[in-house]
Structure formats: C-alpha cells, structure tokens
Amino acid sequence: MKLTNKIGVIVDSFGIGVREGLKKAKDVGADGVQIYAVSGEMDPAALSPAARRELKDYIASLGLEISALCGDLGGHGFQDKTANPAKVEKSKRILDLAMDLGTNIVTTHIGIVPDDRQGEVYHSLQTACEELGQYAKGMGAYFAIETGPERAAHLKSFLDTLSTNGVSVNFDPANMVMVTGDDPVQGVHILRDYIVHTHVKDGIRYKEVDPREVYGALGYEPMDHGKIAQMVSSGEVFREVPLGEGKVPFDAYFAALQEIGYTGYLTIEREVGEQPEIDIRAAVQFIKRFQ
C-alpha cells in the first residue's frame, strides 16, 4: 500500500490564530489546511470580497490549499426546528465563503440521527439537510457530516433518504472508536459513496457511553467543543491519543480508503494535548510512512 492522498492540518489545532497557524501548517509539512469559519476573524460576515481574495492569495503564497472549512455551529445541530432557519442560512454563508477560498467542502455536525424515523427530530434533521444538500449540489459542493455520533450503517440509512449527495461525510475514525465503538474499516466500506473528506485522529475507548452525553441532543446538554476536549483528555470514558497509540487500525483503515478509491485529504485533527505542534508534526510523519 502506498498512499497518495494529500495531508491536511486543522489550523485551529495549533491554537495560535489563523495567520500564524497557516505558517505553522506549512512548517510541519502539510499540503493543505482546514479552518473553522463560524465566528471571529473567519466568520463569513467579517470577510469582505477583498478580504477573501487576499486570504486566498496568502494561503496560495505559502504553497497551501484549503482542504475544507469547518462550519460546525454546535448546540443541538439541526435537531431543533426553531433554531434551524438561522443555522441553515449561516451554513449557506459558510459554504459561499468556502467556494470563494477555493474549497467545495464544509464539515459539520448535524446532531445525532435518532432511531425513530417518524419523530419530529428526525424530520427536522432531514428537512435541514435536504435544503443544505440541494444548495451545495447546486454549486458542486458538499456539507460533510462528521462521523462519530451514530454508527456508520445508521448514518448511511439517513443519507440515503436525501435527494442528493450534497450532504455527504467527513470520516473521522477516532470518533467511531471512542464513542460508538464502531469499526472504522467497515465504516469506510459502508459509507464509501459519501466520503468526501477525512480527519486523521486516534483514540481509545474505556467504557460504553451514550453518544447524547458527548454530542448533545434535545433534552440533553448542547454539544460543546470545550466539553468534548475535556472528555477526550480526561480519559474517564475515552481518550484521544497521538497517532499509532490508540485503537484505530491505520494499516487497514488507509487500505480501506484506497480500496474505495478515496483521493481526498487526510486532515490531522488534534483536539487535546499540551504540545499540539509536536503532536501534529509527528502525525504528519506518521502518515508519510504510508506514502
């Protein structure tokens, strides 16, 4: 097996701001970057057309490209129909920004897909994703749902109900290992028709957990990245660890991505740790061993 996929890094993982993070991504050997584009300096509302052109040119001047933007709006995802109109509009603006910056992928969490297909929450998710999927498809783009909150087969059954593949998948093997206990290798084959972006991360699961306690749901606390970071670092239920030290079977996982013909980015995400640059630099070298 010889990987030919480009390597990406989530700029925000460095914790030093966008511009410095971009330079650091280049320094650690990445080909591209993923950037959060929800608030602050990367909020679509804060970036004029001129500012977008300047940022795109700056990224290109570093020899980088954008693998995806992160448009995760947190909270209850799209489970709450009263909050969805504003969230759907914000998501569209993030996709517009992505296209202006040269990528056609926005990753997001939509909220856990419930088992009850007849319930209001399932309908709310379906309605929002149908609208977002059609919007993305109309410009040759994708909203990519991150794996983890539900098992791969259940996520596929939900995606199959939508009229387009404008809503697809950002495959994160560690989330599956840590939260649902799902097999990421099998998951790649199940979701093969939907995978447009991936995260490279590793983790260990110590005991079973209700995904709603991690990712939030109506009737539970809303999803909070700070809370998740605390959970993955505490190791009480699961722990995020450097690549190769957890339970993601990377040999088989990378082989599965090759088998389905995935040619997109392998984007490193490091949500915890005191020395993210060291961990990310090591992660780049870990992936390069497969190239």
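About 140 Å³ of space lies in the largest cavity. A cavity here is a set of points, on a 1 Å grid over the protein atoms alone, where a 1.4 Å probe fits but cannot get out. Grid points are joined across faces, edges and corners, and a volume is the space filled by probe spheres set on the points.

The model is predicted: local features need pLDDT of at least 70, side-chain atom pairs count only at pLDDT 80 or more, and totals for chains, interfaces and linings use all residues. Residues are numbered from 1 along each chain as its sequence is written, and side-chain values use heavy atoms, with hydrogens and water left out.

**Stop 1: the largest cavity**

Select His-109, Glu-146, Asn-175, Lys-201 and Glu-271. Of the 19 lining residues, these lie nearest the centre of the largest cavity. Lining residues have an atom within 4 Å of a point. Now colour α6 (173-180), α8 (211-215) and α9 (225-234): each supplies at least two residues of this lining. Helices are DSSP runs (H or I, at least four residues) and strands likewise (E, at least two), numbered from the N terminus. By class, the lining has ten nonpolar, four polar and five charged residues. Ala, Val, Leu, Ile, Met, Phe, Trp, Tyr, Cys and Pro count as nonpolar, Asp, Glu, Lys and Arg as charged, and the others, Gly among them, as polar. The count comes to three cavities of 30 Å³ or more.

**Stop 2: the largest pocket**

A pocket is an open set with protein on both sides within 12 Å along at least five of seven lines. The largest one holds about 320 Å³ of space. Select Ile-112, Val-113, Pro-114, Asp-115 and Arg-212, which lie nearest its centre among 17 lining residues. Ten of the lining residues are nonpolar, three polar and four charged.

**Stop 3: the second largest pocket**

This pocket has about 180 Å³ of space. Its lining includes Ile-10, Asp-12, Tyr-36, His-225 and Arg-270. α9 gives the most, with three residues.

**Stop 4: helix α3**

Select residues 84-101. This helix of 18 residues reaches 25 Å from first C-alpha to last, close to the expected 26 Å, which is 1.5 Å times one less than the number of residues. Show Val-88, Ile-94, Leu-95 and Leu-101, among its buried residues (under 20% relative accessible area, 1.4 Å probe, protein chains only). The buried residues of α3 pack against α2, β3, β4, α4 and β5 (contact: heavy atoms within 4.5 Å). End on Gly-102, which follows α3 and has a positive phi, near 100°.

How values were computed. Buried means under 20% relative accessible area, exposed over 50%, partly exposed in between (1.4 Å probe, protein chains only).
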